[in-house]
Amino acid sequence: MTNLYIDIRKAEEKDIPAILEVDRLCFHSECWTKENVLYEMNENPVSNFWVICLSLKEDDVPQVVGFSDYWHTFDSATINKIAIHPYLHGRQLGRALMDEIYNDCYSKKVQTLTLEVRKSNTHAIHFYEKQEFKFVVEKPHYYSDGEDALYYVLEVK
């Protein structure tokens with residue numbers, strides 16, 4: 001079996017093409033533009049924008065295969081987006097990225113981590129529930145296409 005080398009780091013402008021590709025593959029109708037990504041990376045004061053990269057050898061150039069963006073305000077944080085290339089779903093990369101978010105929130109004394117997810121996105125809902133997020137409330141017509149969102153919370157302790 002081949003070893004995979006994983007690196008989670010702050011997103012850089014050179015990562016934008018890969019971020020946009022993963023975003024397009026994962027979110028279809030709710031995709032970000034380059035300008036959205038640049039804003040989150042460089043201008044949004046509460047944004048924490050990271051990428052997860054893989055390589056097959058220690059000295060290979062790591063390839064961006066996913067990203068996360070969460071907003072930290074005072075003692076709470078909200079996951080804005082988290083995505084892993086669909087080809088790599090089920091390989092614990094989302095878990096690794098979520099662990100990094102959780103640990104960063106813990107170090108910043110965040111008490112609650114929240115998110116909204118499309119009601120129809122059963123794959124993501126299952127993932128979040130495995131991470132011990134708890135369902136709180138349904139938000140009717142939350143998305144631009146009218147779909148409801150489910151609101152989840154995780155206590156950071």
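Helix 4 (residues 122-130) has A124, I125, F127 and Y128 as its buried residues, where buried means under 20% relative accessible area, exposed over 50%, and partly exposed in between (1.4 Å probe, protein chains only). Seen down the axis of helix 4, these residues fall within an arc of 160 degrees, so they line one face of the helix; the arc is that of the directions from the helix axis to the C-beta atoms. Please keep in mind that this is a predicted model, in which local features need pLDDT of at least 70 and side-chain atom pairs count only at pLDDT 80 or more, while totals for chains, interfaces and linings use all residues. Residues are numbered from 1 along each chain as its sequence is written, and side-chain values use heavy atoms, with hydrogens and water left out.

**Around helix 4**

- The buried residues of helix 4 pack against strand 4 (76-84), helix 3 (93-107), strand 5 (112-118) and strand 7; contact means heavy atoms within 4.5 Å.
- Helices (H or I, at least four residues) and strands (E, at least two) are DSSP runs, numbered from the N terminus.
- On the face of helix 4 turned away from its buried side, you will find the exposed residues T122 and K130.
- Just after helix 4 comes E132, with a positive phi of about 75 degrees.

**D15 and its surroundings**

- D15 sits in the loop between strand 1 (5-10) and helix 1 (16-27), and with a relative accessible area of 3% it is buried.
- A polar atom of the D15 side chain lies 2.8 Å from the backbone nitrogen of E12.
- Not counting residues up to four places away in sequence, D15 touches R9, K10, V51 and V64.

**Salt bridges**

- The structure holds 11 salt bridges, each being a side-chain nitrogen of Lys or Arg within 4 Å of a carboxyl oxygen of Asp or Glu.
- In helix 1, E21 and R24 lie three residues apart, about one turn of the helix, and they form a salt bridge whose closest N and O atoms are 2.8 Å apart.
- Both of these residues count as partly exposed: E21 has 34% relative accessibility and R24 has 42%.
- Helix 3 holds D99 and R95, four residues apart or about one turn, and their salt bridge has its closest N and O atoms 2.9 Å apart.
- D99 is partly exposed at 32% relative accessible area, and R95 is partly exposed at 35%.
- D145 forms a salt bridge with R118, with 3.1 Å between the closest N and O atoms.
- That pair links distant parts of the chain, 27 residues apart: D145 is in the loop between strand 6 and strand 7, and R118 is in strand 5.
- R118 is buried, with a relative accessible area of 15%.
- Salt bridges that share partners join R9, E12, K14 and D15 into one network.

**Y143 in its loop**

- Y143 has its place in the loop between strand 6 (134-139) and strand 7 (149-155), and it counts as buried at 15% relative accessibility.
- Although Y143 and E30 are 113 residues apart in sequence, their C-alpha atoms are 8.8 Å apart in space.
- Leaving aside neighbours within four places in sequence, the contacts of Y143 are E30, E116, V117, R118, D148 and A149.

**I6 in strand 1**

- I6 lies in strand 1 and counts as partly exposed at 47% relative accessibility.

Note on methods:
A polar contact is a pair of N or O atoms within 3.5 Å; within protein, one must be able to donate a hydrogen and the other to accept it, and residues adjacent in sequence count only if both atoms are side-chain atoms.
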